[in-house]
Amino acid sequence: MKARKRISYSEDVDILMIQLSDKKIDDAYDADNMIVQVDKNGEPVLLEIFNGKKYLKELSKVIPKKMQKEIWPEAASVSVAHRIK
């Protein structure tokens, strides 16, 4: 069974977390403004992105509005930075 991707945001520490799978985490790597946690095969399991609001604000500048509506249909009129709670 394939795991659902889960996205969460921790406002108190401004970290955006994107869980890519339910595999067991074996190691972690610091990459620029994030920590990438990987399984025993080196495949990403969890991304922890620091300065999450800034990241989402920058992301909203490069994702076309039409695609934003497809990704976040329930909040199409709200900027990406405020969609993930």
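Which residues make up the largest nonpolar core? In this predicted model, local features need pLDDT of at least 70 and side-chain atom pairs count only at pLDDT 80 or more, whereas totals for chains, interfaces and linings use all residues. Residues are numbered from 1 along each chain as its sequence is written, and side-chain values use heavy atoms, with hydrogens and water left out.

The protein chain contains two helices and five strands, arranged from the N terminus as β-β-β-β-β-α-α. Helices (H or I, at least four residues) and strands (E, at least two) are DSSP runs, numbered from the N terminus. Of the 85 residues, 33% count as buried, that is, under 20% relative accessible area, with exposed meaning over 50% and partly exposed in between (1.4 Å probe, protein chains only).

The largest nonpolar core consists of eight residues, Y9, L16, I18, V36, V38, L47, I49 and L56. Such a core is a set of buried Ala, Val, Leu, Ile, Met, Phe, Trp, Tyr and Cys residues joined through side-chain atoms within 4.5 Å. Two or more of its residues come from each of β2 (15-19), β4 (34-38) and β5 (44-50). Beyond its neighbours within four places in sequence, V38 is in contact (heavy atoms within 4.5 Å) with K24, I25, D26, D27, Y29, E43, P44 and V45.

In helix α1 (residues 52-62), the buried residues include G52, L56 and S60. These lie on the same side of α1 because they cover an arc of only 75° around the axis, taken from the directions from the helix axis to the C-beta atoms. K54, K57, K61 and V62, on the other side of α1, are exposed.
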